[in-house]
Amino acid sequence: PAEPLGRAALAMGAGAGVAAALPALPNLPSWEWVASKSAAGLSPPPLPPPCRFGASCYNRDSEHRQRFSHPSGLEGVYRACKKAVDCDDHNLVHLQQFAHPGDRSYRRGLVVFPEGQVPHFDTLWQLFCYFDQEESGHLKKEDFERLLRGRLQAPDDGLLESSWFDAGGESNGSVNFARFAPWAEAFPLGLPVGLDLTGESRPCRCQVHSNDEPDFFCNCTDYKSVEDSILCKCGHKASMHRSAASQSSFANLVQQAAWASEGLVEVTEEETLQSLQEMLNYTHKATDNWTRDRGCSIHGVNGTGCSLACAFKNQVAVPKGYTLRKVYRNQNRSLWARYCIARSFIAKECARPPAAERREVAPETELLDSAGLAPLDEACNEWRLFHGTKHEAARDICSVNFRPTLAGSGATWKAAGDERGAPLYGLGVYFAEKSTKADEYAAPFLDAEWRLEVSAMLVVRCVGGRTNAVTTNDIEPESLRRTIFDGPNHSVLGDRVSSLRKPYREVVIYDRDQCFPEFLLIYERYY
């Protein structure tokens, strides 16, 4: 059973049997204490200081909720409906007081169970959300271990450690759903994914079985919300509506990509090639386009004895444009499936009130036909961005995705004697909305076929979600990361243009499953 938050259940109308099982939270007065003091004309104790994230805070940890007040959201304790997924009660009072699998309130620490009832899960998504108590989108090690102990009979420490390692927890410090799903399927935990993909219809899955009457199956073909309600027009909740993809396995999800082959495949469609060339043209910045990462014409980038003043005085010439020579489409089904899961997860969070603010980033890249893949989802701030790097590194990224820990090790400005630069927004994956900015980090190489010096650049789909726009030089990298993993944000928009009058903006993400390297561009610079 879930660990309760305290006697707040009384305010939700919980029965005496449930209330008796809920201990009062330490250092907080009981509801009866507040009522008695109010009746005596005494003021109740002041509320704790407000949480800086306000109503958009996703942290449901009981200690956090004791320390800070929140203007709205899930504050109380909910009772688990004894019918679980078979519940067909449309009454809004019932839906607001009882939690069902798939509800946002069906989460460890928010839901309590009558004696003899245990949590019920139909999908991996429901299982993950139940133990993601803080709604951060990541399971910490203690949450991951609680999940395993809840599903297995007395797992030993060795199994817990090896599972944490296999799910990517050891290397990333936490496990997101995009990594949890394939691990859970291979383990196996024996549940479908349960997360809808962007753009798919969501038929109602409500089924009611009875010994006295014929079984009921809802024939609703897609979720259509009723205004100011959590119900669909068919009368059932949003959590009862799930797409075909949500009912399948991760392996089937991987196979749903529209490609006939795997790996990097050369693009020959004239329309796609023309669109990509136009993207390079439209995103090129013709003026005010040099930064210190472009380098010094005397000492190069990070040359010995070169100062910022020297580099500024002797700026390397910026290309006037770029000509595509070859393009490869990255047909990596596994990376695409992980990306789709991460995007769907973030889309759900962006849809919660208040809805995520839509940010216009790299609008020129929207002209590209996605060549069989889903269109960009503006509601969760999905963008196409650029990333310049070495040719070998670009191919490696298309195979295994980015590694945020390598930030600062490429062609960025470094202090004298340092092997790694200090990334402005911390260790993450950095993307440019202008091809000119990405080109700064693209290392030229000799193409044997063309007998020309060419460079490599990636076109990357990236889901920004609730992005934290930073417009000043007052930057604390660790604080930015905390707003991603412990707060309401999913990315950072480094806007050094609007206030600081710098040449470029860039996007930073800290979870590599939020990006998919879609195209590898081989291009020639011209001056």
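Predicted model: local features only at pLDDT ≥ 70, side-chain atom pairs only at ≥ 80, totals over all residues.
Figure 1. The chain has 527 residues, and buried residues make up 51% of them. Take the contacts between residues at least 6 apart in sequence: 70% of them join residues at least 24 apart.

**Figure 2. An open sheet of three strands.** The strands follow the order β2-β1-β3, and their pairing is parallel. Which strands form the edges? They are β2 (98-99) and β3 (111-112), each of which pairs on one side only.

**Figure 3. Close-up of β1 beside β2.** Strand β1 covers residues 78-80. Two bridges join β1 to β2, and the two strands run parallel. Look for Arg79: opposite this residue stands Phe98, in β2.

**Figure 4. The buried residues of helix α16.** This helix spans residues 477-485. Which of its residues are buried? They are Ser479, Leu480, Thr483, Ile484 and Phe485. What do these buried residues pack against? Their partners are three strands: β4 (138-139), β14 (467-470) and β15 (491-495).

**Figure 5. The largest cavity in the structure.** Rolling a probe the size of a water molecule over the atoms shows where empty space is left. The structure holds three cavities of 30 Å³ or more. In the largest cavity lies about 160 Å³ of space. How many residues line the largest cavity? There are 18. Nearest the centre of this cavity lie Gly137, His138, Phe345, Ile346 and Asp511.

**Figure 6. Helices and residue types in the lining of the largest cavity.** Two elements, α9 (177-186) and α13 (333-351), each give two or more residues to this lining. Which element gives the most? Helix α13 does, with four residues. Among the residues nearest the cavity centre, pick out Phe345, Ile346 and Asp511.

Notes:
Residues numbered from 1 in each chain as written. Heavy atoms only, no water. 1 Å grid on protein atoms, 1.4 Å probe; cavity = no way out; pocket = protein on both sides within 12 Å on 5 of 7 lines; lining within 4 Å. Points joined across faces, edges and corners; volume = space filled by probe spheres on them. Pairing = 2+ DSSP bridges. Buried < 20%, exposed > 50% of the residue type's maximum accessible area, 1.4 Å probe, protein only. Contact = heavy atoms within 4.5 Å.
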